[in-house]
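Colleague: Before I rely on any label for this model, I would like to hear the value behind it and the cut-off against which that value was set. Could we go through a few of them together?

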Amino acid sequence: MTNSDVALDMDDFPVIRKDDRKSGVVTLTLNRPKQFNALSVELLSALQAELDSIAQDDNIRVVVIAANGKAFCAGHNLKEMRAHSDEAFQRALFQQCSHMMLTINRMPQVVIAKVQGIATAAGCQLVAACDLAVAADEAKFATSGINVGLFCSTPAVAVSRNLPRKQAFEMLITGEFIDAHTALQYGLINRVAPADQLEQVLQSLITAITTKSPVAVRTGKDMFYKQLDMSVEDAYDYASEVMTCNMMADDVSEGIDAFIEKRQAVWKGC
């Protein structure tokens, strides 16, 4: 029997597949298609480890979170949750998941969700937690815990910070699916494309980011999330300080000179 005669079970492969798309861009692919890429403890741990490692790598500019199979992510693994029904396990699971979502916001790289299928409950939370998201027009989104008697409290944190209040609460309290175009209208995702054009749309977004100054992008992501929780007055004070420091960067001098001289800037990354 040759290798070609053997049907490979994807569950025999790592739960996260890491691919270097090109210099400065890494794709992390959720790789449990038979389980609809549910966020098991194993998958969460693997994803956390990859994100922690990438966050320390200044050569990486963009992280894409994608998925293998028909579903992007079906949320937490309900079978695992029922098999460990004690309170300590449940608390640790939700804290682990919340920590991973916060890591996405706090790491210096821009993180983009590439959604090819359904994203439900904590899977929808993952989309909301990413800095940006693109989706195939056949993708669907729901915070469906309410359907099994469990309000999606942790997904609500990310979803309610992306969507207008009434739209977010409707998703959370009804558990009903919305399609990709509605998700775009609500602000859950940034761009929608036919499935066969999703990669092209993703690449366009990546290019728009990676052609910018690394200093400006890192500074901008950090500033954006920090100012969200401030009062308007404090946000302006903080923004003024950040912008002053940013102006001292070599990249700003280069960028302004390039603009005046009508040439392409050559970023130094400092």
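Modeller: Let us begin with Met100, which, leaving aside its neighbours within four places in sequence, is in contact with Leu44, Leu47, Gln48, Leu51 and Leu126, where contact means heavy atoms within 4.5 Å. Please keep in mind that this is a predicted model, in which local features need pLDDT of at least 70 and side-chain atom pairs count only at pLDDT 80 or more, while totals for chains, interfaces and linings use all residues. Residues are numbered from 1 along each chain as its sequence is written, and side-chain values use heavy atoms, with hydrogens and water left out.

Colleague: Where does Met100 lie, and why is Met100 called buried?

Modeller: Met100 lies in helix H3, residues 87-106, where a helix is a DSSP run of H or I with at least four residues, a strand is a run of E with at least two, and both are numbered from the N terminus. Its relative accessible area is 0%, and buried means under 20%, exposed over 50% and partly exposed in between, with a 1.4 Å probe and protein chains only, so Met100 is buried.

Colleague: What makes H9 roughly antiparallel to H10?

Modeller: Helix H9 (residues 214-228) and helix H10 (residues 232-247) pack at an angle of about 170°, with their axes 11 Å apart; the axes are lines fitted to C-alpha atoms, for helices over the stretch in contact, and angles run from 0 to 180 degrees between N-to-C directions. Angles under 35 degrees count as roughly parallel, over 145 as roughly antiparallel, 65 to 115 as roughly perpendicular and the rest as oblique, which makes H9 roughly antiparallel to H10.

Colleague: Which residues of H9 and H10 meet, and what is the make-up of that contact by class?

Modeller: From H9 come Val215, Thr219, Asp222, Met223, Lys226 and Gln227, and they meet Ala235, Tyr238, Ala239, Val242 and Asn246 of H10. By class, this contact of H9 with H10 has six nonpolar, three polar and two charged residues, given that Ala, Val, Leu, Ile, Met, Phe, Trp, Tyr, Cys and Pro count as nonpolar, Asp, Glu, Lys and Arg as charged, and the others, Gly among them, as polar.

Colleague: How do you know that the buried residues of H8 line one face of the helix?

Modeller: The residues in question are Leu198, Val201, Leu202, Leu205, Ile206 and Ile209. Seen down the axis of H8, they fall within an arc of 140°, so they line one face of the helix, the arc being that of the directions from the helix axis to the C-beta atoms. As for its length, H8 (residues 198-210) has 13 residues and reaches 18 Å from its first C-alpha to its last, close to the 18 Å expected at 1.5 Å a residue, and the expected span is 1.5 Å times one less than the number of residues.

Colleague: What span should H11 have, and how far apart are its end C-alpha atoms?

Modeller: Its twelve residues, 250-261, should span 16 Å at 1.5 Å a residue, and the end C-alpha atoms of H11 are 16 Å apart, which agrees. The buried residues in H11 are Asp251, Val252, Glu254 and Ala258, and they cover an arc of only 165° around the axis, which puts them on the same side of H11. What covers them includes H9 and H10.

Colleague: Is Lys262 buried or exposed?

Modeller: Lys262 has a relative accessible area of 78% and is therefore exposed. Lying in the segment after H11, Lys262 has a positive phi of about 55°, although it is not a glycine.
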